[in-house]
Amino acid sequence: MRASIRLDTDHHAGEIDRRLFSGFLEHLGRAVYEGVYDPGSPLSDADGFRTDVLDALRRLQMPYVRYPGGNFVSNYDWRDGIGPREKRPARPDFAWKSIEPNTFGVDEFVRWCRKLGAEPMLAVNLGTLGASEAAGLVEYCNLAPGTYWADRRRENGSAEPYGVNLWCLGNEMDGPWQAGHVPAGEYAMRAQQAARLMKGLGPSIELVLCGSSNRRMPTYLEWDRVCLEYCWDDVEYISAHSYSRNLDDDTPSFLAEGIRIDRVLDDYAGLLAYVRGVKKSGKRVHVSFDEWNVWYKDRHGDGRWARAPHLLEEVYNLEDALVCAQYLNSFLRHADTVKVACLAQIVNVIAPVLTRPDGVLIQSNYYPSLLYAEHARGLALVPVVDCPVYAAGGSGEAPTLDVAASHDPEAGRACVFIVNRSPADEAEVSVSFADRRAARVSGVDVLTGDDPKAANSWERPDVVAPAAGSARVDDQGGVRVRVPSLGLAVVRMELARR
Ligand code: AHR
């Protein structure tokens with residue numbers, strides 16, 4: 001199969017925000033305990049943080065990590081997780097029916113983030129708590145000593161404020177499963193009250209309003225419209241969440257997921273433009289896609305009141321990784337709309353990294369995040385793709401290729417990210433620039449395999465991993481690359497003026 005991708009460095013969707021490569025850590029299953037924090041382990045440092053987990057995650061260059069939930073946050077009191085550990089209360093966690101020992105809280109999280117090289121993105125509880133407790137957490141994290149909560153932080157080891165600048169106003173408050181779920185109008189009032197108190201303490205912080213939990217919600221977009229119209233002047237972002245599922249085991253259809261992800265972002269772009277128009281506002285609000293991943297195989301979320309139960313330990317395969325690459329492609333294509341995105345989650349729970357007492361396993365969905373964080377730099381170009389369609393099962397017909405591209409004008413480099421969704425046909429792709437020629441191909445990584453269900457395991461940890469591919473500069477100054485079926489190719493090149 002032949003295909004072409006045409007690019008023009010002047011035609012772009014805006015700057016790629018590095019925060020698109022962020023992650024999400026929730027108190028859920030073995031994510032925090034045994035994942036991030038395991039004080040008894042010989043693999044942990046003096047703070048009890050697993051160093052092998054830190055090393056694996058550091059390579060993903062996550063600028064932000066969202067914490068502490070997720071559904072967990074809506075019945076969580078951050079005050080339980082500070083101060084001397086022996087005095088911290090164990091509590092029942094409503095969301096995952098587990099016991100939360102509270103031996104890891106906000107101070108440990110910020111300390112862990114510093115070791116990771118990431119900034120904390122904190123969610124406040126707007127389910128069972130309200131504006132006052134949310135503002136208390138801002139005071140605890142961000143004020144200089146001299147007030148009640150800032151002094152508690154100093155006593156707990158940090159005179160220096162944490163400077164947390166990105167905050168979520170609750171989590172999935174549209175969902176009936178959420179502790180403290182209320183109709184949109186009521187949530188909007190809670191969110192605005194919290195926003196005003198929080199920003200009163202730190203006007204420069206940025207706030208994320210809860211959008212719809214997913215596109216299947218009966219209140220999808222209407223919830224978002226009501227909340228945005230009420231809180232427009234108080235927030236910088238609205239959240240979007242999405243977990244992709246291959247419930248019918250229909251791989252060709254599942255591989256067309258990028259189309260659905262584009263639709264979600266198109267929906268938000270339209271809604272945000274609409275509310276901005278209604279408000280006659282000069283302000284822009286953007287999307288924080290702060291939970292995204294594949295998740296459908298392990299939905300078992302009942303911890304039976306255990307500590308660190310094994311929950312949602314999803315095993316990721318090749319087709320899942322190709323869907324993850326399409327999320328990242330879609331974020332790049334919508335760089336003007338989406339500014340923050342968090343892979344949900346990061347360790348043990350629907351995660352790219354799994355732990356055992358003796359080490360970590362890297363899953364297939366680790367690699368798209370690794371490759372995009374490394375190579376998507378500068379501006380997100382708008383690709384014109386000419387390719388055949390394929391029979392995408394329950395999704396009808398879909399374009400065979402899903403493509404995004406970046407251009408770093410300072411470095412004179414470009415990168416093209418190509419997913420070949422075809423289960424059978426290799427694609428012979430020509431990449432060309434209207435206003436540049438490729439001087440050199442500087443590298444190609446390919447993630448592929450024969451079996452869409454192939455997955456890494458403790459016994460065979462490298463079944464799905466990127467390998468070096470090849471590409472060449474052609475006579476017209478374009479680049480030719482072969483992208484295998486069921487494959488992701490990440491093609492880097494140096495550009496020169498025509
Ligand atoms: O990431 C797992 C859960 O998915 C989160 O707690 C919740 O926000 C979402 O529904």
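Trainee: Why is Asp-445 called buried?
Mentor: Its relative accessible area is 16%. Buried means under 20%, exposed over 50%, and partly exposed in between, with a 1.4 Å probe and protein chains only. So Asp-445 counts as buried. Keep in mind that this is a predicted model: local features need pLDDT of at least 70, side-chain atom pairs count only at pLDDT 80 or more, and totals for chains, interfaces and linings use all residues. Residues are numbered from 1 along each chain as its sequence is written, and side-chain values use heavy atoms, with hydrogens and water left out.

Trainee: What makes Arg-492 and Asp-445 a salt bridge?
Mentor: The closest N and O atoms are 2.7 Å apart. A salt bridge needs a side-chain nitrogen of Lys or Arg within 4 Å of a carboxyl oxygen of Asp or Glu. The pair qualifies as a salt bridge. Arg-492 lies in strand β26 and Asp-445 in strand β22, so the pair ties together parts that are 47 residues apart in sequence. Strands here are DSSP runs of E, at least two residues; helices are runs of H or I, at least four; both are numbered from the N terminus. Arg-492 is buried too, at 16%.

Trainee: Arg-436 is found in strand β22 as well. Is Arg-436 buried or exposed?
Mentor: Buried, at 13% relative accessibility. Beyond its neighbours within four places in sequence, Arg-436 is in contact (heavy atoms within 4.5 Å) with Thr-9, Leu-495, Ala-496, Arg-497 and Arg-498.

Trainee: Why does the pair Asp-80 and Arg-91 tie together parts of the chain?
Mentor: Their side chains meet in a salt bridge at 2.8 Å, N to O. Asp-80 lies in the loop between β4 and β5, and Arg-91 in strand β5, so the linked parts are 11 residues apart in sequence. Asp-80 has 11% relative accessibility and counts as buried. Arg-91 has 39% and counts as partly exposed.

Trainee: How many salt bridges does the structure hold?
Mentor: 41. One of them joins Asp-47 and Arg-111, at 3.0 Å, N to O. Asp-47 lies in the loop between β3 and α1, and Arg-111 in helix α2, so this pair ties together parts 64 residues apart in sequence. Arg-111 is partly exposed, at 48%.

Trainee: What makes helix α2 mostly covered?
Mentor: The count: 8 of its 11 residues are buried. Among them are Phe-109, Trp-112 and Leu-116. Their cover includes α1, β4, β7, α3 and α4. Just after α2, Gly-117 takes a positive phi of about 90°.

Trainee: Now the ligand. Which side-chain atom pair involves Glu-291?
Mentor: A polar side-chain atom of Glu-291 lies 2.7 Å from an oxygen atom of the ligand. The protein covers 94% of the 290 Å² of accessible area that the ligand has on its own. That area comes from the Shrake-Rupley method with a 1.4 Å probe.

Trainee: How far from a ligand oxygen are the side chains of Asn-171 and Glu-172?
Mentor: For Asn-171, an N or O atom is 3.0 Å away. For Glu-172, the distance is 2.7 Å.

Trainee: How do the residues of the shell around the ligand divide?
Mentor: Into 5 nonpolar, 4 polar and 3 charged. Asp, Glu, Lys and Arg count as charged; Ala, Val, Leu, Ile, Met, Phe, Trp, Tyr, Cys and Pro as nonpolar; the others, Gly among them, as polar. The ligand's surroundings include Phe-24, Trp-96, Gln-345 and Glu-26.

Note on methods:
A residue is near a molecule or strand if one of its heavy atoms lies within 4 Å of it. A polar contact is a pair of N or O atoms within 3.5 Å; within protein, one must be able to donate a hydrogen and the other to accept it, and residues adjacent in sequence count only if both atoms are side-chain atoms.
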